[in-house]
Amino acid sequence: MILILIYQYALLYLSVISGSWLNFLIVAGAFGLGLFLGRTIYIILGGVLSFVSMSAGALMLLMPYTRELYFWSAIALLTITPLTTYLMYLLDHQLLKRKALAQELAKLQKEKPDLEVLTGALNESALERDVQRELKLVFYHEQDYRFTLTMVKIDFLENVMNFLGNDRFNDLLRETTRNLESMLFTVDHLYYIGEGHFVIMSPMLGANNAPIMKRKIKEHINDIAEEFGLARNALVLRTGQISYSTQDKVVNRSVEDALVQLERSAETDIAKEYL
């Protein structure tokens, strides 16, 4: 905003012949005050001065004598202040939209602290709490309880983000979430833990039946990238899976250990390379 102010009035002063520093300082001071008081006042002052400068510029162009002597000065009066005021209005509009969005997200996070707001899946803190609970259940009820974690990760994440841009990449995350949610069993939960990593928790799914989930992912995740225009190998999805069903697997096992093991498992299994 300050750069726009400096640009506007420096160029205006240099463009208008017979201008005076006193007038420039008065106008710049008025807008500096408006800037200090708030963007809305700045835009109102800009609108008033835009009307005055456009009227003066139009008058200079209408009269042959002034048009010949001060042609470019008149063009400056007609364009600089209205244009920069309009640009400031657009900037203010974007800032207000972002502020409203930030407030909405903050409200949503307060009401649903376990929700990852970008994708709609559960977040990392929810995963840590739930995995800790599941590990305890296996430890105390190893004969009757088991669970499986399945990871789906977007590989070469930085390249994909650079290719798609932030907005399209966020669309890709949401589309991936929708596809994964359609594959979940009734008691399963989906988590997004950042950096292109999705985790599915499947209570009561043991090692013998765990490959069912990986097969479902590989069979039904074929359509994610088609609408994003990704070339061959531009999007690589990897899957990893670990199951816990005995005490010796969960004793002294932390949530961090489980996620590290899951990440290591995902390094060796490519779910899909897209054409």
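Me: Which strand is Pro203 in?
Reply: Pro203 is placed in strand β3, and please keep in mind throughout that this is a predicted model.

Me: Is Pro203 buried or exposed?
Reply: Pro203 has a relative accessible area of 18%, and because buried means under 20%, Pro203 counts as buried.

Me: What does Pro203 touch, leaving out residues up to four places away in sequence?
Reply: With those set aside, Pro203 touches Glu134, Tyr145, Arg146, Phe147, Val187 and Asp188.

Me: And the rest of β3, how many of its residues are buried?
Reply: Seven of the seven residues of β3 are buried, so the strand is largely enclosed by the rest of the structure. Both of its faces are covered, with His197, Val199, Met201 and Pro203 on one side, and Phe198, Ile200 and Ser202 on the other.

Me: Which strands pair with β3?
Reply: β1 pairs with β3 in the antiparallel sense over seven bridges, and Lys153 stands opposite His197 there. β2 also pairs with β3 in the antiparallel sense, over four bridges, and the bridge partner of His189 in β3 is Met201.

Me: What's going on in the hairpin of β2 and β3?
Reply: The hairpin has four residues between its strands, and Gly194 takes a positive phi near 90° there. Glu195, which lies in the loop between β2 and β3, has a positive phi of about 55° although it is not a glycine. Glu195 is exposed, with a relative accessible area of 60%.

Me: Which other residue has a positive phi although it is not a glycine?
Reply: Met204 does, with a phi of about 65°, and it lies in the loop between β3 and α8. At 43% relative accessibility, Met204 counts as partly exposed.

Me: Switching to β4, how many of its residues are buried?
Reply: Nine of the nine residues of β4, which spans residues 236-244, are buried. Both faces are covered, with Val236, Arg238, Gly240, Ile242 and Tyr244 on one side, and Leu237, Thr239, Gln241 and Ser243 on the other.

Me: How many bridges join β4 to β1?
Reply: Nine bridges join strand β1 to β4, and the two strands run antiparallel. The bridge partner of Phe147 in β4 is Tyr244.

Me: What is Tyr244 in contact with, leaving aside its neighbours within four places in sequence?
Reply: Tyr244 is in contact with Leu135, Val138, Arg146, Phe147, Lys249, Val250, Arg253, Ala258 and Gln261. As for where we started, the C-alpha atoms of Pro203 and Tyr244 are separated by 9.9 Å, although the two residues are 41 apart along the chain.

Me: Which residues touch the most other members in the largest nonpolar core?
Reply: That core has 21 residues, and those touching the most other members are Leu127, Val131, Phe147, Leu149, Val199, Met201 and Tyr244. The elements that give two or more residues to this core are α6, β1, β3, β4 and α10. There is also a second, separate core of 20 residues, which includes Ala121, Val152, Val160 and Leu237.

Me: Tell me about α10, then: which of its residues are buried?
Reply: Val255, Ala258, Leu259, Leu262, Ser265 and Ala266 are buried in α10. They cover an arc of only 120° around the axis, which puts them on the same side of α10.

Me: Why would residues three or four places apart point the same way?
Reply: An α-helix has 3.6 residues a turn, so residues with that spacing point the same way.

Me: What covers the buried residues of α10, and how far does the helix reach?
Reply: The cover includes α6, β1, β3 and β4. Helix α10 has 12 residues and reaches 17 Å from its first C-alpha to its last, close to the 16 Å expected at 1.5 Å a residue.

Me: Which element has the lowest mean pLDDT?
Reply: Strand β5 has the lowest mean pLDDT among the elements, at 53, whereas β2 has the highest, at 93. For the chain, the mean pLDDT is 78, and 80% of the residues reach 70 or more.

Terms used
Residues numbered from 1 in each chain as written. Predicted model: local features only at pLDDT ≥ 70, side-chain atom pairs only at ≥ 80, totals over all residues. Heavy atoms only, no water. Buried < 20%, exposed > 50% of the residue type's maximum accessible area, 1.4 Å probe, protein only. Pairing = 2+ DSSP bridges. Expected span 1.5 Å × (residues − 1). Arc of directions from axis to C-beta. Contact = heavy atoms within 4.5 Å. Core = buried A, V, L, I, M, F, W, Y, C linked by side-chain atoms within 4.5 Å. pLDDT = per-residue confidence, 0-100.
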